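Student: I would like to learn how to read helices and sheets in a structure. Could we go through one together, feature by feature?

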Amino acid sequence: MTDRRRQSIILVFVALLVIASVVVLVTKPTKKGLDLQGGVQLVYQVSAIKGATVDDDAIQRTIDVMQDRINQFGVGEAEIQRSGDDQIVVSLPSISNTEEAQRRVGTTAQLAFYDWEDNVVGAGGRIDPTDPQVTGANLGGAGAGGAEINNQVALTQYGAVLRASKLKAQTNPPGTIQTQTRTQYYLVNDEKKTVYNPVPAERISDLQADIRNDPIARSFLNAQGQPVGKRRFVAVPEGYRVIQAANNIDANGKIIPAGNRWFIIRDRPGLLGKDIKNAAQGVDSGLGRSNQPNVSFDFTSAGRKLWKKVTRAISERGAENCVPTRGLNRTDQAAACNQHFTIVLDQQAISSPTIDFQEYPEGIGGNSGSQISGAFTYDQAKSLANLLKSGSLPLRLDVISSQQVSATLGQEALDQALVAGLVGFGIVAIFLIGYYRVLGLIAVGGLAVYTIFFLAIVKLVPIVLTLPGIAGLILTIAVAADANIVIFERVKDEMQDGRSVPRAIKDGYRKGLSAIIDGNVITFLVAFVLFLVATAGPKGFAFNLGIGVLISMFTAVLLTQAVLGILGRSKLMSSPRALGARNRQPIWHRFDFNGAGRWFFALSGVILAIGAIAVGSRGMNFGIDFESGTQIVATVPEGRKANVDQVRDALRPIGQGDAKIQEVDGGKKLQIQTEDLTPAEQGRVNTALQKSLGIQPKDVSTTSVGPTFGETVAKTAVIAIIASFILIAFVIWFRFGLRYTVPILIAVVHDLLITAGIYALTGAEVTASTVAALLTIIGYSLYDTIIVFDRVRENLKRLPSAAFSQIVNRSMSEVLGRSLITSFSVGLPTLALFIFGGDTLKDFALAMLVGTISGAYSSVFIAAPVLTEWMERVPAFKARKARLVAANGGTLPPYPEKASAKEIDLDAAKKRRAARVTAPDEAGQPVSAAEFNQMVADLGIDEANAQTAGRPAPAPAPKPAPEPEVGGPVRRAKDLSPEEVTFRDDPVRRAKPGKPGKKKR
């Protein structure tokens, strides 16, 4: 197949893909993330409850239950994903209340059904179903009792905890449902008679950790973790539970909180949440009913038997203990005698319905299900039905991070990101066309196809489009442009060497492909590592970056090559000037880069020292991703002004007067940062802002990060950086060898340290997205360095008798322009992100800008001189340098001189070897004089030293100047080994086989 036919097939294939991609873009919806459409994201830490372990199966069952619960609440496009070993991330679009989201999704929902009268504990640990002073039956009026607000035997939480702590541990007999809790620990204040934690801890160490993480309560413990003052730890033994009374509702349907009303119950459940199914909210519409909402449900086969057993016991006890009361009708008499069963959700009763012993004297069989009726609103009944339907969560869930983004701010962030993307694409396109002309037009066409492919994949997979993901898309435009630039610069080099346009295109792609592959492999590996260990936002960035690298390889290597191959012989590309080729030399031509290396090292040392002083004195401004806390961003209504003092005055009455407050976006927004706030406290902040400044809740976004999540982010950041270094070191060692790996890693560390110093000097906030930027910097820094080292690899073969410093100088002079242009193409869209991307992406873009500039500098002025210093200590290169110094009057020219270092035309040499007309000699046989002289000419070896036995010596050459002695006379170096001349991955060049009939070696 001819090249032209192959290129035509590629273009037709790409055209079909473009058509398919456009169809996808038109027909498929875009799946936007929470930061673009608004909603709530919750990150949960899972831990084991009694009788369970944190394993893959338990986590998956927990996710399944949470997903069922979300689906029942009608939250569209919600997502639940596992993160790491013990975290679950829940994303709820269109939810605007963090507290409501936590209640709906993250409630642990350890549901249990208790026979109330047979389990409620009175004074002295008494359990007596017949004693109203223990059960509270009818003490608040006929029918009163159960775990309700009006039960007169209710205690304060402090009183209930202290009474329960004096009881002895109990276990349930075999064959019955086991206790649901272990020993439970509380922190009580005997002076104020209060309890710190409404939810008990299973270990004192857990309770101590919770207290230390609470900025208000951390003073309750001393340095040894023991309570101070009148506080003490109290343990409630296994077999007993302290539960809060159920909430009530008034005549208007308004919820009446239970408040500080608590009970002690014996932990002997008759039924668990896992024993019921098909729960549904309904209406009590039978004959003589009140049409009040209720909850109906069915039982599992095991649950049906348990339900029959417990309701029979309750019904029989009600009939036995019922004493007729004068003046009560049948209905009121039944209400006074009926016994209760109580549904407990975690630490609070949610209902205490009665079992009518007159209607169900034998208990409730459960074959047709059952129902719960009581003081429900429709919403409460629906909520209870959903909790029962979802079942119990197998694991305990603790919120360690939450983020609530308003729809208004999400749309604003999307608009800013789109503007940044369009501007970034536009300026890159203008630059490419202005600098490369016709080649630039082809590259812009390739970038347009690249963008269409990328967006089509985003919609087809689908990939959730987030703000960091859009940043990844914008930067992958630079990746695609870089690949084109490397090729185009190679094409221009070939044209400047006198090759025709078609030949220059072909050779340019051939010679530039290795650098493109090396650079993109490194970038892809960095993205892969970041995707494996990062949290949600940076993970989206890493995924998009990796996808973009793969697509750019296709569009830059195949598409643009096919277009250039088709147009290569057209009049449009007949003039080198139309392709941006220039005859003039750059201003750095013949500059001694290695000779100036000490000045560049000194400059870097000064910059690093300033950065180190800044880091040591000012420290890094770590954001809440690392430090934990709550950050609230509020948009000020149009026409109103709000300053820091006004906001502080508004927050002072609710105890947040010490919050860190600043104006952003020219005063259009306010950013408030505090210690970690609970959802209820966040709600109070929103209310204060609304009352004092008119800021509506829909214009407020909140991010709350607990210490556990902050530690996770910091840990993953360190792991990502270390893993990237190890992986990159291995790849570079495999491709280039050890001597080339160390300078590259030194350059990368140099770039990271400079970026850290700039952040310390400017006070810019370090977030999880900054870590993503740092890892991306590693990729781009290596890309620049690989371009330089790739040319060094080529010139090592081209200049076999030049000093290593001369080869590096020559290489840097040839590729410096290319390195600057690739850095410029990355810097342009990054600058667009910094200016137009909004506050969310500004810190990320700053790290990228600093890293891009530093990477371009270090690849030429740090990595290459370090490589030179190391390589010139190799004996062969050291001797070669000494010989050249001696031949040039004691000095080494910065660049190879034509008289002393003959340059080999690798392409011509390859042709000569391939075009040999004589049959190859047998191994060990002498070569002809002509062949030997050609080898001498190719290697640039002084002919006076090229004599061999049996061959006439050429005319004597002038006697060279005396060589300086370095510990003795300098002797001519032995020939370099292949490992010292070429990189280890260079293919072994072999002569083409001779024609049939020729003698073969």
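Student: Which residues in helix 14 meet which residues in helix 24?

Tutor: Please keep in mind from the start that this is a predicted model. On the side of helix 14, the residues in this contact are Ala471, Ile474, Leu475, Ala478, Ala481, Asp482, Ile485, Val486, Glu489, Arg490 and Asp493, and they meet Arg818, Ile821, Thr822, Ser825, Val826, Pro829, Thr830 and Leu833 in helix 24. Sorted by class, the residues of this contact divide into 11 nonpolar, 3 polar and 5 charged.

Student: How should I describe the way two such helices are packed?

Tutor: Two packed helices are described by the angle between their axes and the distance between those axes. Here helix 14 (residues 467–496) and helix 24 (residues 804–836) pack at an angle of about 160°, with their axes 9 Å apart. That angle makes helix 14 roughly antiparallel to helix 24, since angles over 145 degrees count as roughly antiparallel. The crossing of these two helices is right-handed.

Student: At what angle do helix 14 and helix 23 pack, and how far apart are their axes?

Tutor: Helix 14 and helix 23 (residues 768–798) pack at about 15°, and their axes are 12 Å apart. The two helices are therefore roughly parallel to each other, and helix 14 passes helix 23 in a right-handed crossing. In this contact, residues of helix 14 including Leu475, Ala478 and Asp482 meet residues of helix 23, among them Tyr780, Tyr783 and Arg791. By class, the contact has 8 nonpolar, no polar and 6 charged residues.

Student: What span does helix 22 reach, and what is expected for it?

Tutor: Helix 22 (residues 738–762) has 25 residues and reaches 37 Å from its first C-alpha to its last, which is close to the 36 Å expected at 1.5 Å a residue. After helix 22 comes Gly763, whose phi is positive, near 75°.

Student: Now for sheets: what is the strand order in the sheet of 8 strands?

Tutor: Strands of a sheet pair through backbone hydrogen bonds, either parallel or antiparallel. In this open sheet of 8 strands the order is 2-3-1-19-24-21-23-22, and the pairing is antiparallel. Strand 2 (79–83) and strand 22 (660–664) stand at the edges, each with a single partner strand, so one side of each has no neighbour in the sheet. On average, neighbouring strands of this sheet are turned by 20° against each other, direction ignored.

Student: How many bridges join strand 1 to strand 19?

Tutor: There are 9 bridges between strand 1 (residues 39–47) and strand 19 (residues 396–405), and Val43 stands opposite Ser401 in strand 19. Strand 19 is also joined to strand 24 (residues 700–705), by 4 bridges, with Gln403 opposite Thr703 in strand 24. Strand 21 (residues 629–635) in turn pairs with strand 24 over 6 bridges, and there Thr703 is the bridge partner of Gln631.

Student: Which strands does helix 19 lie across?

Tutor: Helix 19 (residues 644–651) lies across strand 22 and strand 23 (669–674), running at about 140° to strand 22.

Student: What is the strand order in the sheet of 3 strands?

Tutor: That open sheet has the order 6-5-7, with antiparallel pairing, and its edge strands are strand 6 (194–195) and strand 7 (231–236). Strand 5 (residues 184–189) is joined to strand 7 by 6 bridges, and Gln184 stands opposite Val236 in strand 7. Helix 7 (residues 157–165) packs on this sheet, touching strand 5, strand 6 and strand 7, while helix 8 (residues 204–212) touches strand 5 and strand 7.

Terms used. Residues are numbered from 1 along each chain as its sequence is written. This is a predicted model: local features need pLDDT of at least 70, side-chain atom pairs count only at pLDDT 80 or more; totals for chains, interfaces and linings use all residues. Side-chain values use heavy atoms; hydrogens and water are left out. The expected span of a helix is 1.5 Å times one less than its number of residues. Axes are lines fitted to C-alpha atoms, for helices over the stretch in contact, and angles run from 0 to 180 degrees between N-to-C directions. Angles under 35 degrees count as roughly parallel, over 145 as roughly antiparallel, 65 to 115 as roughly perpendicular and the rest as oblique. A crossing is left-handed if the near helix is turned anticlockwise from the far one by less than a right angle, and right-handed if clockwise. Contact means heavy atoms within 4.5 Å. Ala, Val, Leu, Ile, Met, Phe, Trp, Tyr, Cys and Pro count as nonpolar, Asp, Glu, Lys and Arg as charged, and the others, Gly among them, as polar. Two strands pair if DSSP finds at least two bridges between them.
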